[in-house]
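This report describes selected features of the structure shown below.

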Amino acid sequence: MTQTHFTLSNGKKIPSIGLGTWQSAPGEVAKAVEYALKNGYRHLDCAWAYGNEAEVGQGIKASGVPREEIFVTSKLFELHHHPEHVPLAIKDTLKNLGLEYLDLYLLHWNINLEVDAPAGVLPRNEHRVKGSSGKFKLDVALSDDVTPTWREMEKLVDQGLVKSIGISNFNINRTKKLLKEARIKPVADQVELSIQNPQPELVAWLKKNDILPQGYTPLGGTGKTNLRDNEQIKKIADVHGVQTANILLSWLVSRGINPLPKSVTPERIANNLKLVDLTKEQLEELDALSKSHPQQRVCDQSDSFEPTYDIYQENDPEFSDKVQFAKEQ
Ligand code: NAP
């Protein structure tokens, strides 16, 4: 496949496949990043919340690949959305990664936690505030309206600390709200996109609005999954002489999605960079397969905090992606 990158709405280029780093364990991730960069990757997906950015930074350094050749993304975590914490969070991320700037900084979730940290201190897990149910408390007002956080992220672009800003786990309704306020438009929305959770309305809407859909958990995640063993996908993989992972990633890229497969296994890391040209019939077969079952999400924090917060609004009669998308047709 000839597609090597996508072009963001601000003209910057992002490589078609990025290496995921969530749950890449200490002692493994530096080697994985070094191996990936030495074997052709030029795009890394990181986050403060993964707790391994310092090791990712060691891997970047050890690879010897010049900084300007690598597209590095990180994410502002749900502990750090209060405007005064944004400059502290980017400073910590850049220090951990050993970098002077990020290529992309994402608002990791559209929810954020109440924190109780001394002034000037970057909140950590011990600064979360517990509610009466025993769960950690959400700051609902700042979750409903992320504008104050976004304003601080825009300043990071002005200061040259990040080249682009974007969002993650935002549905159509919440993205529309942000677009009304944004001085700098989000260039990407990183959401769960795989054959088991294809989100066709969200993908179509993002593309129409020139926001790149980035696909996390593109192989079905680190837990048990039947995706990679699916017989139909195996048959297509055999025709191309590749693994099922290559078919899943090629299908996503052909839908205009930027997948971020995670691996710490050298053979898989190298393998996942290979995309194949799927025929029209194969693409249709995969599209049909993606619609043949209910959506199955791996990542959902809606119930994790107090109060419960419907992050994706999937069954909301007014705000689900299906309803929001249909309104515009
Ligand atoms: P994933 O990439 O769908 O799956 C990773 C799993 O697949 C690992 O267990 C990996 O094992 C295995 N694997 C990789 N290549 C394979 C191959 N060719 N054949 C068979 N198995 C293979 O899951 P993910 O880590 O959940 O998602 C990817 C990335 O998206 C994350 O790492 C993170 O960067 C990002 N993400 C973002 C968010 C967000 O909220 N924005 C949420 C979740 C994830 P080994 O590592 O053992 O090889």
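## Charges over aromatic rings

Arg297 is placed over the face of Tyr312, 3.5 Å from the ring centre; a charge sits over a ring if NZ of Lys or CZ of Arg is within 6 Å of the ring centre and within 35 degrees of the ring normal. Arg67 likewise lies over the face of Tyr101, at 3.9 Å from the ring centre.

## Basis of the model

The model is predicted: local features need pLDDT of at least 70 and side-chain atom pairs pLDDT 80 or more, whereas totals for chains, interfaces and linings use all residues. Residues are numbered from 1 along each chain as its sequence is written, and side-chain values use heavy atoms, without hydrogens or water.

## Ligand surroundings

The ligand is surrounded by 31 residues (a heavy atom within 4 Å), and the closest are Asp45, Leu219, Lys262, Ser263 and Thr265. By class, this shell comprises 11 nonpolar, 15 polar and five charged residues; Ala, Val, Leu, Ile, Met, Phe, Trp, Tyr, Cys and Pro count as nonpolar, Asp, Glu, Lys and Arg as charged, and the others, Gly among them, as polar.

## Polar contacts and cover

Polar contacts are pairs of N or O atoms within 3.5 Å. A ligand oxygen atom is 2.9 Å from a polar backbone atom of Gly221. A ligand nitrogen atom lies 3.0 Å from a side-chain N or O atom of Gln243, and a ligand nitrogen atom is 3.4 Å from a side-chain N or O atom of Tyr50. The protein covers 92% of the 920 Å² of accessible area that the ligand has on its own (Shrake-Rupley method, 1.4 Å probe).

Terms used
A polar contact is a pair of N or O atoms within 3.5 Å; within protein, one must be able to donate a hydrogen and the other to accept it, and residues adjacent in sequence count only if both atoms are side-chain atoms.
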